[in-house]
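Here is a short briefing on one protein chain. Keep the sequence and the 3D view open as you read.

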Amino acid sequence: MQRLVIWGTGELGGRVAQRWTAGPVVGITQSTKRHSTLQAMGVEARVGSAANILQSEDAFLLAIPGYAAQAEAIAQLQITKTGVPRRAVLISSTGYYGPNASGPISPGTPPGPEDRARGIAATEAAFRDWAGETGVAIRFGGLHRPGRGPITPLARRGSAPAGPPNKILCLIHYDDAATAVLAALTLKDVEPVYVGMTLPSPTRQDYYEAACDRLNLPAPSFTAPLNRPPHYDIAAFQRDLLAQPAHPDWREALLP
């Protein structure tokens, strides 16, 4: 039996908790809002921090949204000097590469020069310093499902944001992301960093034309196309964590 501790048991963390079968699950949240749902899954729901409960024999998922909040959580783990778990997974972001990423992109590609990209990189570095060889960072792109994803701010704003038409949107369904996280938590041999998305991912033009049509919004407009649009290397992610996504078609999330 192996306990799983999830710090940030929201939509992705809740899916991972629901699928964990190796032992008990402790789900830590910012408030009690989701506790009844988590408890119905058999999860021990708590508010607060994992820093004082994490043990060396645990599996650990850090899924708090936002690199700044993650960095604060990692600082708590470092200060309390809790036992480093058998496996620790950090939900990171392809924002690591910055908004102007171009050409081939792989786990070893340096971070972008922007403040957000450097903040994500610093959070990953702190996580590696704490977790050591047990740590795995997954740089997910946009998580989506019907009613959630890039279509959410589009519906709220009423128009598509301007941007290059040929920029790739790195999308992955919440269920497929949960499958990949479970693999990262349980497999013996894993890489320290993965880029997590499913193919084929749409261009901005593909996505926003389809999404605006779905929402009956004005057709999107675009800036100049990129000379070298990014191309993401997800071979290791496909090999180790998600060989066959259950939701490969990004259009599925545009359905009602």
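Predicted model: local features only at pLDDT ≥ 70, side-chain atom pairs only at ≥ 80, totals over all residues.

Residues are numbered from 1 along each chain as its sequence is written, and side-chain values use heavy atoms, with hydrogens and water left out. Helices (H or I, at least four residues) and strands (E, at least two) are DSSP runs, numbered from the N terminus. Buried means under 20% relative accessible area, exposed means over 50%, and partly exposed is in between (1.4 Å probe, protein chains only).

**Two buried loop residues**

- Asp58 sits in the loop between β3 (44-47) and β4 (59-62).
- The relative accessible area of Asp58 is 1%, so Asp58 is buried.
- A polar atom of the Asp58 side chain lies 2.8 Å from the backbone nitrogen of Gln55. A polar contact is a pair of N or O atoms within 3.5 Å; within protein, one must be able to donate a hydrogen and the other to accept it, and residues adjacent in sequence count only if both atoms are side-chain atoms.
- Leaving aside neighbours within four places in sequence, Asp58 is in contact with residues including Gln2, Arg3, Pro85 and Arg87. Contact means heavy atoms within 4.5 Å.
- Ser201 is in the loop between β10 (193-196) and α7 (204-215). Ser201 counts as buried because its relative accessibility is 13%.
- A polar atom of the Ser201 side chain lies 3.4 Å from the backbone oxygen of Leu169 and 3.5 Å from the backbone nitrogen of Leu171.
- Not counting residues up to four places away in sequence, Ser201 touches Ile168, Leu169, Cys170 and Leu171.

**Aromatic rings**

- Rings of Phe, Tyr and Trp (its six-membered ring) pair if their centres lie within 6.5 Å; planes under 30 degrees apart count as stacked, over 60 as edge-to-face and the rest as tilted.
- By this rule there are seven aromatic pairs.
- The ring centres of Phe60 and Trp130 are 5.8 Å apart and their planes are at 80°, so this pair is edge-to-face.
- The pair links distant parts of the chain: Phe60 is in strand β4 and Trp130 in helix α4 (residues 115-131), 70 residues apart.
- Phe60 and Trp130 are both buried. Phe60, Phe127 and Trp130 form one aromatic cluster.
- Arg139 lies over the face of Tyr96, at 3.5 Å from the ring centre. A charge sits over a ring if NZ of Lys or CZ of Arg is within 6 Å of the ring centre and within 35 degrees of the ring normal.

**Helix α6**

- Of the 13 residues of α6, 10 are buried, so the helix is largely enclosed by the rest of the structure.
- Among the buried residues of α6 are Tyr174, Asp176, Val181 and Leu185.

**Cysteines**

- A disulfide is a pair of cysteine sulfur atoms within 2.5 Å. By this rule the count is zero.
- Cys170 is in no disulfide; the nearest cysteine sulfur, that of Cys212, is 20 Å away.
- Cys170 counts as buried because its relative accessibility is 8%.
- Cys212 is buried, with a relative accessible area of 1%.

**An exposed glycine**

- Gly42 is in the loop between α2 (35-40) and β3. Gly42 is exposed because its relative accessible area is 59%.
- Gly42 and Leu242 are 200 residues apart along the chain, and their C-alpha atoms are separated by 26 Å.
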